[in-house]
Amino acid sequence: MSGNTTEKIPYGFTSHEKYAVVVMDSEKMEAVKLMFSLCLDGMSLGQIKSVIESQGIEYPAKYKSGWKTYGDRCFA
């Protein structure tokens with residue numbers, strides 16, 4: 001990072017309101033943990049999206065293009 005937080009910040013993180021640093025967003029990070037857990041259980045991206053939406057979690061669609069996939073399954 002160039003010391004400036006205007007670069008794209010990954011889902012699960014946010015810029016600090018006072019300092020020019022990136023910090024974890026606890027609420028969104030719980031969603032990230034859930035998504036990875038569901039992925040490791042073998043769910044497709046569509047199934048994961050359905051689960052998180054049913055729990056009222058905003059789907060991070062603007063970050064989806066950066067996800068690695070194999071067919072319609074995500075992998076670590």
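In the predicted model, the crossing of helices H1 and H2 is right-handed. The contact draws on Leu34, Met35, Leu38 and Cys39 from H1, and on Ile48, Val51 and Ile52 from H2. By residue class, this contact between H1 and H2 comprises 7 nonpolar residues, with no polar and no charged ones.

Two packed helices are described by the angle between their axes and the distance between the axes. Helix H1 spans residues 26-40 and helix H2 spans residues 45-54; their axes come within 10 Å of each other and cross at roughly 140°. The two helices H1 and H2 are therefore oblique to each other, since angles count as roughly antiparallel when over 145 degrees.

Charged side chains were examined next. Across the whole structure, 2 salt bridges are found. One of the pairs is Glu30 and Lys33, whose side chains meet with an N to O distance of 3.5 Å. Both Glu30 and Lys33 belong to helix H1, where they lie 3 residues apart, about one turn of the helix. Glu30 is partly exposed, at a relative accessible area of 49%, and Lys33 is likewise partly exposed, with a relative accessible area of 49%.

A salt bridge is also formed by Lys49 with Glu53, with 3.3 Å between the closest N and O atoms. Lys49 and Glu53 are 4 residues apart in helix H2 and are therefore separated by about one helical turn. Lys49 counts as partly exposed, at 30% relative accessibility, and Glu53 is partly exposed with a relative accessible area of 41%.

Definitions and conventions
Residues are numbered from 1 along each chain as its sequence is written. This is a predicted model: local features need pLDDT of at least 70, side-chain atom pairs count only at pLDDT 80 or more; totals for chains, interfaces and linings use all residues. Side-chain values use heavy atoms; hydrogens and water are left out. Axes are lines fitted to C-alpha atoms, for helices over the stretch in contact, and angles run from 0 to 180 degrees between N-to-C directions. Angles under 35 degrees count as roughly parallel, over 145 as roughly antiparallel, 65 to 115 as roughly perpendicular and the rest as oblique. A crossing is left-handed if the near helix is turned anticlockwise from the far one by less than a right angle, and right-handed if clockwise. Contact means heavy atoms within 4.5 Å. Ala, Val, Leu, Ile, Met, Phe, Trp, Tyr, Cys and Pro count as nonpolar, Asp, Glu, Lys and Arg as charged, and the others, Gly among them, as polar. A salt bridge is a side-chain nitrogen of Lys or Arg within 4 Å of a carboxyl oxygen of Asp or Glu. Buried means under 20% relative accessible area, exposed over 50%, partly exposed in between (1.4 Å probe, protein chains only).
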